[in-house]
Amino acid sequence: MALQNVMGEAAIQENLKQFLLVLSVSLSVASLSRFFTGFREIPYTLLLVIVGLFLALLDVRLIELSPEVTLFIFLPPLLLKTAWQVRWSILKQNLVPVLLFSIGGSLIAIASVTYALETFAGLSLEIALFAGASLAATSPTPVVSLFRQLGVNQRITTLTEGENLFSSCIAIATFVLLMESPFAVSELAVPTALVRILLFLGLGFGIGGFTGVALSYLISHSDAPFLARSLLLTAAYGTYIATEEVGGSGVVAVVTAGLILGNLGSRKLPSTKRQTLTEFLNFIAFFVNSIVFLLIGDRMNWNLLSDDLLPISIAIVTVLIARAFTIYGLGTVGNWLSEIPVTWQEQTLLWWVGLRGSVSIALALSVPVVYMKYEVIGSTVFGVVLFTLLVQGLTTKSLLSSLGFLESSSQREKYLQAIARSVALNHIASYLDEERIVHQWGNDVQFAQYREVVQQQIHHLQEEIIELQEQNPDLKSLGIEQLRRELIAMESDIYTEFFRAGLLTKHIPPMLPKLLPNQS
């Protein structure tokens with residue numbers, strides 16, 4: 001018994017050392033890459049994959065994690081963070097294309113990849129189905145971070161993240177149902193499968209909805225910052241595990257809870273508290289991504305990749321063609337049904353940024369070894385992920401520039417800076433016009449010069465703002481929405497100060513969100 005305890009402790013110590021090594025390497029790469037100008041244009045997740053590939057070539061293996069551990073540890077916080085950041089006010093305006101791209105795109109990807117691998121690569125139907133389900137989930141994390149860094153318009157980010165959320169739910173649900181089916185795939189009864197799918201998703205929506213509403217109330221009434229953060233982790237891991245235990249979709253539950261928390265629950269939060277929770281989720285996502293993407297590169301098996309070049313090549317071509325059919329074909333249908341059409345520039349960008357990543361990898365590694373040639377799934381998915389990250393991911397900025405998104409982003413940034421400068425100088429002008437300031441300095445020549453310079457700059461900024469609005473009429477609504485957010489933030493901050501001073505016994509929700517029209 002003593003010997004077993006010693007061996008167990010040694011194994012735990014060795015695993016802990018490996019985990020700390022992975023953590024040190026991943027965070028170092030992700031952080032140091034920001035200090036070198038040449039690397040700043042590359043999403044840090046891609047750099048982690050490259051470092052992992054380099055370590056794999058040197059046969060330096062960092063850590064071995066089971067697929068189940070990867071799913072349970074890494075997936076919930078990433079999904080919660082993405083759902084938290086999706087704005088329902090923007091998502092509902094683009095719900096038609098998001099649902100078409102996610103639901104239709106996932107089904108098209110599963111069907112096309114399955115057919116191509118079975119027909120042209122000679123794989124069995126079961127293996128091809130598992131590969132198709134794994135590759136149905138998009139993973140736009142690297143390009144979304146690039147979008148935010150470059151100031152790409154919010155609609156593109158919402159379309160990308162919304163599709164990612166729903167496609168991940170569909171892919172994982174399909175994969176789990178394939179694994180848990182007691183029948184052979186070819187003999188699976190359609191009515192039985194539909195009932196199981198509806199029950200699987202229904203439990204996820206139900207538990208996730210209840211958890212989201214309950215935790216929204218608790219977070220809005222919690223005064224301690226650490227308690228609100230703990231509740232967010234509960235929303236991620238607790239919801240996922242509880243739903244999986246009762247036979248539902250943990251992914252659907254986490255996404256549902258995240259959408260409710262990020263939209264319904266956050267409305268009652270002061271701006272400072274919401275910002276604190278957002279930064280906490282961003283850190284958790286950075287922490288998790290730093291490990292996941294390094295392990296993706298570390299787990300690459302070059303021998304299997306070289307042996308399975310045929311299915312890998314077929315899968316890459318099929319995914320690109322299926323993606324094009326989804327975006328351009330279903331996008332045309334969506335433009336007929338939606339009030340706000342998706343332009344061809346936006347469609348082209350959405351087609352190219354349909355990356356595959358950590359979700360696809362985790363699913364591929366979860367295939368039971370009882371299936372013959374199950375390792376083909378892993379190498380095929382690895383190959384597709386590698387292509388999308390290193391080819392599509394690294395060329396996204398060039399595509400953004402070619403399609404004119406960077407030009408509009410630059411104009412948007414210039415417009416917001418002009419508004420910010422105008423607001424600041426108007427505050428200064430008001431200060432210089434105060435009676436006590438004029439009484440004290442009114443006879444000074446330099447004081448008059450100061451006032452004149454400030455007024456001239458305000459005039460120039462107003463001309464610049466009007467000129468930018470004439471060049472791009474959409475900027476006017478952007479400025480109005482920015483003003484609306486500032487007013488709501490000011491109201492929330494004032495209530496927070498009253499609460500801290502003891503003049504209020506609890507936080508009260510701001511009134512302006514309901515009174516001021518939303519332009520987004």
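In which kind of crossing, left-handed or right-handed, does α5 pass α14? In this predicted model, α5 passes α14 in a right-handed crossing. Two packed helices are described by the angle between their axes and by the distance between those axes. For helix α5, which covers residues 95-120, and helix α14, which covers residues 309-337, the packing angle is about 150° and the axes are 8 Å apart. Because angles over 145 degrees count as roughly antiparallel, α5 is roughly antiparallel to α14. Turning to the composition of this contact, the residues through which α5 meets α14 comprise 20 nonpolar and seven polar ones, with no charged residue among them.

The loop between α13 (302-307) and α14 holds aspartate 308. With a relative accessibility of 12%, aspartate 308 counts as buried, because the term applies to values under 20%.

Another aspartate is found at the start of helix α21, where aspartate 444 caps the N-terminal end, with a side-chain oxygen lying 2.8 Å from the backbone nitrogen of glutamine 446. Helix α21 itself spans residues 445-471, and its 27 residues reach 40 Å from the first C-alpha to the last, which is close to the 39 Å expected at 1.5 Å a residue. Along α21, the buried residues are Phe447, Val454, Ile458, Leu461, Ile465 and Leu468.

Definitions and conventions. Residues numbered from 1 in each chain as written. Predicted model: local features only at pLDDT ≥ 70, side-chain atom pairs only at ≥ 80, totals over all residues. Heavy atoms only, no water. Axes fitted to C-alpha atoms, helices over the stretch in contact; angles between N-to-C directions. Helix = DSSP H or I, 4+ residues; strand = E, 2+ residues; numbered from the N terminus. Parallel < 35°, antiparallel > 145°, perpendicular 65-115°, else oblique. Left-handed = near helix turned anticlockwise from the far one by under 90°. Nonpolar A, V, L, I, M, F, W, Y, C, P; charged D, E, K, R; others polar. Expected span 1.5 Å × (residues − 1). Buried < 20%, exposed > 50% of the residue type's maximum accessible area, 1.4 Å probe, protein only. Polar contact = N/O pair within 3.5 Å; in protein donor to acceptor, adjacent residues only side chain to side chain.
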